[in-house]
Amino acid sequence: MTTNTTIRRSRNTAPAAIAVQGVTKRFQGFAALRDVTIEFLPGQVHVLFGENGAGKSTLIGVLAGIHRPDEGTILLDGQEIQAATPRRARELGVAAVFQEPALVPQLTVAENLALGREPVTRGLVDRRALQRRAAEALARIGSSIRPDAYARDLSRAEQQILEIARALQGEARVLILDEPTASLTEDETGRLFDVVRTLRREGLAVIYITHRMGEIRKIGDRVSVLRDGALVRTCPLGDVTDDELVTLMTGRQVGALFPDIPHRPWAAALELRQVCGEGVRDINLHVRSGEVVGLTGLVGSGKAEIGRLCFGLAKVTSGQIRLNGEDRGPGSPSKRLRQGMVYYPGDRKHDGLIASRPARENVSLSALGRWTRAGFLNRRAERLETEAVLQRLSLRPANPDALPPTFSGGNQQKIVLARGFTRPYGIHIFDEPTAGVDVGARAEIYEAIKDLAASGAAVLLISSDLPEVVNLVHRAYVVAEGRVAGEFSGPDLTEETILPTFFTQHEKEQGA
């Protein structure tokens with residue numbers, strides 16, 4: 001591949017079409033991309049769709065200059081280029097915004113926008129020019145974020161919008177958005193979509209990655225489906241149904257996404273009585289053995305804090321947490337594990353995985369005593385049992401000795417979930433188990449939850465995904481402003497009846 005050095009951009013340069021032709025990329029002999037050819041057109045939002053591990057992240061890594069393809073070419077306006085580094089890609093007009101914001105919390109919005117290209121006068125940073133540039137960059141995308149605000153004080157949505165504003169500096173012509181709404185509320189997602197629509201009208205080529213089926217038709221024009229590193233199909237979104245997309249993505253007919261979970265509950269396995277702690281107060285709820293109970297609400301409502309209190313990750317200031325009918329006192333994670341409770345954190349990268357240890361060891365962490373005798377670990381038994389659990393959850397690629405960062409997000413989640421199958425835990429607490437997970441992996445996770453409930457375990461599912469709660473659980477509690485705002489079951493367990501309880505009276509009045 002040769003580098004084209006004749007490309008020059010100015011304020012009058014038209015937006016670009018960017019394409020990959022016959023691109024193949026291998027990692028340690030594994031083909032993450034295989035002979036992929038796609039063109040991304042200006043003035044369109046082009047959705048990349050596929051299961052975790054399908055090759056989407058590798059493809060945008062090639063376009064953004066993070067990975068050099070082993071075979072194939074990248075074309076910008078029909079001319080071959082080589083985006084060998086992220087800096088070179090930015091110079092060519094290819095900007096990427098990844099799922100995790102990469103801002104410096106201690107710097108202001110203006111300083112983050114100018115980082116690495118600060119305006120200098122007489123050897124000193126020109127603060128006036130810094131503020132002016134920031135205001136112009138934010139105004140371009142219709143943002144009201146203050147240039148003098150600190151990045152640490154911004155909401156997750158504002159951080160994402162700031163990342164977009166930063167990416168669009170320097171005459172960006174192609175914008176890559178990787179799961180931009182993964183941690184956003186519905187209102188925040190709507191504001192982000194407004195920004196994307198503005199950029200589309202300006203003629204940018206927008207490459208958009210999402211696992212959320214509902215987003216695709218709201219924001220997309222065309223879609224490319226990847227499976228096992230290969231392109232399956234590219235077409236206008238109007239030419240394909242949702243069912244066809246799922247079939248193209250998984251390579252198999254996917255029936256009902258949510259399994260029918262038998263409801264055969266008996267005694268309460270987990271019970272909270274008037275529990276108070278950081279972010280919540282007077283929480284009363286129970287989960288019986290053999291049932292799946294949902295805990296839902298808006299981001300920041302307090303639902304995640306309840307799971308942390310149960311597992312001993314946060315301090316209970318008053319009230320009781322009863323396990324199998326007994327008040328088990330203050331908890332700690334190690335104590336709760338011994339008592340038969342396992343917790344799957346919502347942030348798998350920071351709270352759920354040890355990046356420097358193999359997948360197999362991440363799975364066995366919570367149950368090392370199972371394979372230890374006289375202080376010695378039976379590594380053969382540990383390996384055989386953890387590999388069997390990972391195989392049961394369809395880990396892809398099937399390499400238990402690989403490090404977690406080498407797996408896609410959905411397969412990292414499977415590594416976290418595998419811990420709950422190493423011992424017969426009676427209580428399972430899932431916090432956002434399908435965040436950033438594709439449809440195929442979701443179906444596998446739901447089947448695992450079904451198996452747990454069918455075996456007699458008590459399952460507490462904490463989720464912001466209302467369709468997931470409505471279709472998967474037997475009962476659901478809604479949390480608003482740190483309190484339980486309602487309990488729903490049977491015919492009342494619908495989106496229409498649950499959604500109004502998400503909002504406090506103050507929020508309803510504000511929205512009126």
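# Close-up views of a predicted model

**View 1. Four strands make an open, antiparallel sheet.** The strand order is β14-β13-β16-β17, and the pairing is antiparallel throughout this open sheet of 4 strands. β14 (280–288) and β17 (326–327) are the edge strands, and each pairs on one side only. Strand β13 (residues 268–277) runs antiparallel to β14, and 6 bridges join them. Val275 has Ile283 in β14 as its bridge partner. Strands (E, at least two residues) and helices (H or I, at least four) are DSSP runs, numbered from the N terminus. Two strands pair if DSSP finds at least two bridges between them.

This is a predicted model: local features need pLDDT of at least 70, side-chain atom pairs count only at pLDDT 80 or more, and totals for chains, interfaces and linings use all residues. Residues are numbered from 1 along each chain as its sequence is written, and side-chain values use heavy atoms, with hydrogens and water left out.

**View 2. Six strands make an open, mixed sheet.** Here the order is β18-β21-β22-β15-β23-β24, with mixed pairing among the 6 strands. β18 (341–344) and β24 (483–489) stand at the edges with a single partner strand each, so one side of each has no neighbour in the sheet. From one strand to the next, the twist averages 15°. β18 pairs with strand β21 (residues 427–431) in the parallel sense, over 4 bridges. Met341 has Ile427 in β21 as its bridge partner.

View 3. Helix α9 (residues 303–311) lies across β15 (292–296), β18, β21, β22 (458–462) and β23 (475–480). α9 runs at about 145° to β18. Axes are lines fitted to C-alpha atoms, for helices over the stretch in contact (heavy atoms within 4.5 Å). Angles run from 0 to 180 degrees between N-to-C directions.

**View 4. Helices α5 and α6 pack together.** The axes of α5 (residues 156–167) and α6 (residues 186–202) come within 10 Å and cross at roughly 15°. The two helices are therefore roughly parallel (angles under 35 degrees). In α5, Ala157, Ile161 and Ile164 meet Glu188, Leu192, Val195 and Leu199 in α6.

**View 5. Phe193 and Tyr208 form an aromatic pair.** The structure holds 4 aromatic pairs (ring centres of Phe, Tyr or Trp, its six-membered ring, within 6.5 Å). Phe193 and Tyr208 pair edge-to-face (planes over 60 degrees apart), at 6.3 Å centre to centre and 65° between the planes. Phe193 lies in helix α6 and Tyr208 in strand β10 (residues 205–209), so the pair ties together parts 15 residues apart in sequence.

Key: Angles under 35 degrees count as roughly parallel, over 145 as roughly antiparallel, 65 to 115 as roughly perpendicular and the rest as oblique. Rings of Phe, Tyr and Trp (its six-membered ring) pair if their centres lie within 6.5 Å; planes under 30 degrees apart count as stacked, over 60 as edge-to-face and the rest as tilted.
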